[in-house]
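The sequence and the structure are shown first.

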Amino acid sequence: EENKYQVIPKIILDYKELAGAIRKFNEEDPLTLILKVRKLKRENKYTEALEILNKVVTLRPENDSYWNDYANHARMIYQKDRKLILSFLDSFEKDHLNNPYPNIVRGLLEEDLKKSNEYFEKAIKLKPDLKTAYIISGTKNYEYKNYKKAKEIFMKILKLDSKDINALYRK
């Protein structure tokens, strides 16, 4: 039979293991990290937020929502952290050759519409059924007043999904 002096150290060890597991979970759980990003953005710590977003999209490279968060954040801080963003995208692509999202982000960030469309086309070649690439491409063309191209892109989205609200609204 164990006495209380033997049980307490065991409880402390169990607690330390649990605390370590929780800490590890918080460092590797994308949703927890996204919440951390939102907190950092409220504190105007945009570069730190970007570094965490880099980790999030690396942990979940096919998650459309996380890449959307990344792209929106990158667009907001692109002038300040341009090298950091492009360096991450280059590095990410080396490990994820068939992932279209780096090209989508580059297309979104590129100011030259012709180059931007080239990035979107690369992304679409990698994953032809990825509506995100079409939506962002169509929206960018619309913003640059290239209405003919924008309509063409939104019509392609409707071929993929006839009920897509983004394409129906914008066509």
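A residue counts as buried when its relative accessible area is under 20%, as exposed when that area is over 50%, and as partly exposed in between. Serine 137 has a relative accessibility of 3% and therefore counts as buried. The model described here is predicted.

## Overall fold

The protein chain has nine helices and zero strands. Read from the N terminus, its elements run α-α-α-α-α-α-α-α-α. The chain has 171 residues, of which 36% count as buried.

## Helix 3 against helix 4

Helix 3 spans residues 46–59 and helix 4 spans residues 64–95; their axes come within 9 Å and cross at roughly 90°. Because angles of 65 to 115 degrees count as roughly perpendicular, helix 3 is roughly perpendicular to helix 4. Sorted by class, the residues in the contact of helix 3 with helix 4 are 15 nonpolar, four polar and four charged.

## Nonpolar core

The largest nonpolar core comprises 38 residues. Within this core, the residues with the most contacts are Trp67, Tyr70, Ile85, Phe88, Leu89, Ile104 and Val105. At least two core residues are supplied by each of helix 2 (30–42), helix 3, helix 4, helix 5 (101–109), helix 6 (113–126), helix 7 and helix 8 (147–160). Helix 4 provides the largest share of this core, with eleven residues.

## Aromatic pairs

Six aromatic pairs are found in a search of the whole structure. Tryptophan 67 and tyrosine 70 form one that is edge-to-face, with 5.5 Å from centre to centre and 65° between the planes. Both residues, tryptophan 67 and tyrosine 70, lie in helix 4, where they are three residues apart, about one turn of the helix. Tryptophan 67 has a relative accessible area of 2% and is buried. Tyrosine 70 also counts as buried, at 0% relative accessibility. The ring of tyrosine 70 pairs with that of phenylalanine 88 as well: the centres are 5.6 Å apart and the planes stand at 40°, so this pair is tilted. Phenylalanine 88 is buried, with a relative accessible area of 12%.

## Positions in helix 7

Helix 7 covers residues 131–143 and includes threonine 132. Threonine 132 has a relative accessible area of 16%, and because buried means under 20%, this residue is buried. Its side chain makes a polar contact of 2.6 Å with the side chain of aspartate 64.

Serine 137 is also placed in helix 7. Asparagine 117 is 20 residues from serine 137 along the chain, and the C-alpha atoms of the two are separated by 6.8 Å.

## Leucine 86

Leucine 86 is located in helix 4. Its relative accessibility is 26%, so leucine 86 counts as partly exposed. Leucine 86 and valine 105 are 19 residues apart in sequence, and the distance between them is 9.5 Å, C-alpha to C-alpha.

Definitions and conventions. Residues are numbered from 1 along each chain as its sequence is written. This is a predicted model: local features need pLDDT of at least 70, side-chain atom pairs count only at pLDDT 80 or more; totals for chains, interfaces and linings use all residues. Side-chain values use heavy atoms; hydrogens and water are left out. Helices (H or I, at least four residues) and strands (E, at least two) are DSSP runs, numbered from the N terminus. Buried means under 20% relative accessible area, exposed over 50%, partly exposed in between (1.4 Å probe, protein chains only). A polar contact is a pair of N or O atoms within 3.5 Å; within protein, one must be able to donate a hydrogen and the other to accept it, and residues adjacent in sequence count only if both atoms are side-chain atoms. Axes are lines fitted to C-alpha atoms, for helices over the stretch in contact, and angles run from 0 to 180 degrees between N-to-C directions. Angles under 35 degrees count as roughly parallel, over 145 as roughly antiparallel, 65 to 115 as roughly perpendicular and the rest as oblique. Ala, Val, Leu, Ile, Met, Phe, Trp, Tyr, Cys and Pro count as nonpolar, Asp, Glu, Lys and Arg as charged, and the others, Gly among them, as polar. Rings of Phe, Tyr and Trp (its six-membered ring) pair if their centres lie within 6.5 Å; planes under 30 degrees apart count as stacked, over 60 as edge-to-face and the rest as tilted. A nonpolar core is a set of buried Ala, Val, Leu, Ile, Met, Phe, Trp, Tyr and Cys residues joined through side-chain atoms within 4.5 Å.
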